[in-house]
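Welcome, and thanks for opening the viewer. Let's walk through this structure one selection at a time.

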Amino acid sequence: MLGLMMHWPLMISSLIRHADQCHGEAEIVSRTVEGPIHRYTYRDAHARARRLANALIRLGVTPGERVATLAWNGYRHFELYYGVSGIGAVIHTVNPRLFHDQLTHIINHAGDRLVFFDLTFLSLVEKLAPSCPAVTTWIAMTERAHMPDSSLQLLCYEELLAAERDDYAWPEFDEETAAGLCYTSGTTGHPKGVLFSHRSTLLHAMAVCLPDAKGYSAQSVILPIVPMFHVNAWGVPYSAPLVGAKIVFPGAGLDGKSLYELFESERVESSAGVPTVWLGLIQYMKQNKLQFSTLKRTTIGGSACPPAMMRTLRDDFGITVAHGWGMTEMSPVGTIGSPKAKHRDLSAEELMALSLTQGRPLYGVEMKIVDGEGRDLPRDGVATGNVMVKGPWVMRDYFKNDQSSPLSADGWFPTGDVGSIDPDGYLQITDRSKDVIKSGGEWISSIELENVAIGHPAVLEAAVISVFHPKWNERPLLLVVKKPNMNLSRDEMLKFYEGKIAKWSTPDDVVFVDELPHTATGKLSKKVLRESYRNYCLPTG
Ligand code: ADP
């Protein structure tokens, strides 16, 4: 017997309609590419998203068609999120930091016909255009006064909207319909497309708002540093309207100074970003002896948050860090760190240790670890294995995948990450399976070695990679960027490991470098490092 509840498909358009009706006056503030700060409300955003819907239909966009964006976090990008998905088309958020060949590959693979871009990316789209023959329409996300001269025939976003009415009624359709497309950033391979649905996006948006996750509410003022081209800014553009939170979009200003000014002027109290951007912000604030007056918490994820960073944010700036883990294939959030009632009496140091895990799964994400043969391993916080996940916002296949399904025979998604799960569900990621250092029969966690190195007061950034060793097959090599004007020798660095880790896992050598390579999503690019140091001769070899 079926229940007698209404059939109300989970539509992305319902989020903006709700925000308009119940939080119509809540603000969306954007630092624009053109310069000034722009501010309007959810009610304004909803009206403009409906105009955009009419404009897209006039441009011939059909249900299921992919519409690309090359844009920062800003209000026009937000309107595209709703306008495109709302008419049943698919918003394809392209990461402009990818290499030229990756960009043309994914635009062609997705079959994009329309590309909306921020003015920052004009020269990029001019370079891309000859290799993207299927793209017929390039739309500059600006008004007539700022329209640039270009070798391309460009349309003007504001003119498109000005020509339309805002009386569009969002259609209802199957909640499993595709809504968004995002390619993995290729940290470990070629970019692959993940196709989110309306249903998966809504369920994910609801789960991340919960108090033990990001704790968003109508009182929140959220500044997503993580870009809308990096897995939908971890869901903020959907979660914020769901609860009626104020959003502050930083645009292209991701340096410490610009971010700090916006945090303060807009009284931001919650944020989200990868460790690298926090590194820049912390450095700027320390140099200028600044403090946050309203910021209380942030989610940090995308790569492991180093303990030294979490301590600095807590002890020097009073910020609670919720450590999150996930990936494009998981929409992206899988776990977030927060304590339970039973942890109430833990000491500050014990709580810190708990915060440094990657947290517990949100309801909706099932998780287990397995050994090399796919056998389940115990959830005892000790055994480490390949992390497998299941759930309504976990991908079941890549877009237009011409290889076999990535799922295991029993339907789990292998994340490519290695870790342990404790009896309370807390996940500790020890590495990506490709980054683990396989020394003899033992596995060494590159993340653990990096975390120790970053704890040294003279170290700004560190990366550990495996290098060939004739006896052990692989051994760890540590690459270090020193803080400006700081002295540190190889021996001092290695001595710093004593008593902090098992002796045999200490790096075999240290190389001091001026900078480390990062991927398009701001993570250490171990793939590039491994290639650069492939023939490195270890002193122990
Ligand atoms: P890409 O795989 O191209 O880097 P994603 O942004 O989807 O793109 O990255 C997901 C990966 O990032 C995860 O598989 C994991 O290895 C890593 N990651 C994400 N969050 C964390 C975290 N908190 N700690 C450690 N690793 C993390």
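How much area is buried between domain 2 and domain 3? About 390 Å² is buried there, and carbon and sulfur atoms give 47% of that area. Buried area here is the accessible area (1.4 Å probe) that two parts lose on being put together, summed over both.

Before going on, a word on what is on your screen. This is a predicted model, in which local features need pLDDT of at least 70 and side-chain atom pairs count only at pLDDT 80 or more, while totals for chains, interfaces and linings use all residues. Residues are numbered from 1 along each chain as its sequence is written, and side-chain values use heavy atoms, with hydrogens and water left out.

**Stop 1: the domains**

Colour domain 1 (13-27 + 42-201), domain 2 (365-432) and domain 3 (437-532), as the domain assignment gives them. Such bounds come from an automatic or database domain assignment. The centres of domain 2 and domain 3, taken over C-alpha atoms, are 26 Å apart. Five residues from domain 2 and six residues from domain 3 make up the contact, where contact means heavy atoms within 4.5 Å.

Stay at the interface of domain 2 and domain 3. Two residue pairs are in polar contact across it, both at pLDDT 80 or more. A polar contact is a pair of N or O atoms within 3.5 Å; within protein, one must be able to donate a hydrogen and the other to accept it, and residues adjacent in sequence count only if both atoms are side-chain atoms. Now select strand E20 (residues 427-432): the largest share of the side of domain 2 that touches domain 3, four residues, comes from this strand. Helices (H or I, at least four residues) and strands (E, at least two) are DSSP runs, numbered from the N terminus.

**Stop 2: salt bridges**

How many salt bridges does a search of the whole structure find? The search finds 33, each being a side-chain nitrogen of Lys or Arg within 4 Å of a carboxyl oxygen of Asp or Glu. Across the interface of domain 2 and domain 3, the count is zero.

Select Lys526 and Glu450, a salt-bridged pair whose closest N and O atoms are 2.7 Å apart. Lys526 lies in helix H15 (residues 526-532) and Glu450 in helix H13 (residues 446-454), so this pair ties together parts that are 76 residues apart in sequence. Lys526 is buried, with a relative accessible area of 7%, and Glu450 is buried at 9%. The cut-offs are under 20% relative accessible area for buried, over 50% for exposed, and partly exposed in between (1.4 Å probe, protein chains only).

Next, show Arg314, which is partly exposed at 28% relative accessibility. Its side chain meets that of Asp315 in a salt bridge (2.7 Å, N to O), and Asp315 is partly exposed at 48%. Arg314 also forms a salt bridge with Glu349 (3.5 Å, N to O). This second pair links distant parts of the chain, with Arg314 in helix H11 (residues 307-317) and Glu349 in helix H12 (residues 348-355), 35 residues apart.

**Stop 3: helix H8**

Highlight helix H8 (residues 236-243). Seven of its eight residues are buried, so the helix is largely enclosed by the rest of the structure. Among the buried ones are Val236, Tyr238 and Val243. Elements that the buried residues of H8 pack against include helix H1 (13-23), helix H3 (75-86) and strand E11 (246-249). Just after H8, look for Gly244, which takes a positive phi of about 80°.

**Stop 4: the nonpolar core**

Which residues touch the most other members of the largest nonpolar core? Among its 114 residues, they are Phe78, Phe116, Phe263, Trp278 and Phe292. H2 gives the largest share of this core, seven residues. A nonpolar core is a set of buried Ala, Val, Leu, Ile, Met, Phe, Trp, Tyr and Cys residues joined through side-chain atoms within 4.5 Å. Centre on Phe263: residues that it touches include Leu223, Trp278 and Phe292.

**Stop 5: a loop**

Finish at Thr32, in the loop between strand E1 (27-31) and strand E2 (37-41). Is Thr32 buried or exposed? Thr32 counts as buried, at 15% relative accessibility. The Thr32 side chain reaches the backbone nitrogen of Gly35 at 3.1 Å. Leaving aside neighbours within four places in sequence, Thr32 is in contact with His38 and Tyr75.
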